[in-house]
Amino acid sequence: MEETTSFSIKNWNEDDRPREKLLLKGRTALSDAELIAILIGSGSRNESAVSLSQRILASVGNNLSELGRLSIPELMEFKGIGEAKAISIAAAMELGRRRRTGEALERKKITSSNSVFEYVQPIIGELPHEEFWILYLNNSNKIIKSAQLSKGGITGTVVDVRLAFKEALQLGAVGIILAHNHPSGTLKPSQADIQLTKKLKTAGESLDIKVLDHLIITEKAYFSFADENML
């Protein structure tokens, strides 16, 4: 009985407890802070890895999406987080983002504006700058390819219409869906957004390639030109 007691979590080194807990109870039993503690491995002389992780999470309102936005230098501002630990956290956040993107790729058929959002949000929804993407679809509304057409500053982006349709013709796409993010969080389309949509729609009509929708993406929501009858 005494041997069993020696394996109590309370008797483990504090920095090792999350690892042992994962082994004994599984991944889902751990808190976000405990999972991050495993990533960073150890805390400092005065603070455990779990306590340090809790402090980092508290600084972003315990929001993992916000944690994923922190740069390496920002992570290194926390006492106890050096470059190697900051890189480990950033790499884990990126793997999580890519996993979401991979899951979205499995659902390649576009059935609604929400399915476009589920596909595109992991790619551009949390970026601090604006990017413009195009989804190229076949006649079954399945995505042939998705591509970034432009990348701009937070104030806007420039889109090459000719380049967009050159790719569509090469792929044999019959429809395209436009998507760009608003880092500001606003879902209201700007005049530039409206004019660009009209420009692409007109160009597509002459080539028999339909612009099916244009989505403005933020972290948690979207605006659809098609849903709002603006196409």
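A crossing of two helices is called left-handed if the near helix is turned anticlockwise from the far one by less than a right angle, and right-handed if clockwise. In this predicted model, local features need pLDDT of at least 70, side-chain atom pairs count only at pLDDT 80 or more, and totals for chains, interfaces and linings use all residues. Residues are numbered from 1 along each chain as its sequence is written, and side-chain values use heavy atoms, with hydrogens and water left out.

The protein chain contains 10 helices and five strands, where helices (H or I, at least four residues) and strands (E, at least two) are DSSP runs numbered from the N terminus. Of its 231 residues, 39% are buried, a word that stands for under 20% relative accessible area with a 1.4 Å probe, counting protein chains only.

Helix α4, residues 49–59, has A49, V50, L52, S53, I56 and L57 as its buried residues. Because they cover an arc of only 160 degrees around the axis, taken from the directions from the helix axis to the C-beta atoms, they lie on the same side of α4. After α4 comes G61, with a positive phi near 65 degrees.

Helix α3, residues 32–40, packs with α4 at an angle of about 115 degrees, and their axes, which are lines fitted to C-alpha atoms over the stretch in contact, are 8 Å apart. The angle runs from 0 to 180 degrees between N-to-C directions. This crossing is right-handed. The residues in contact, meaning heavy atoms within 4.5 Å, are listed here.

| Helix | Residues in the contact |
|---|---|
| α3 | D32, A33, E34, I36, A37 and I40 |
| α4 | A49, V50, L52, S53, Q54 and L57 |

Terms used
Buried < 20%, exposed > 50% of the residue type's maximum accessible area, 1.4 Å probe, protein only.
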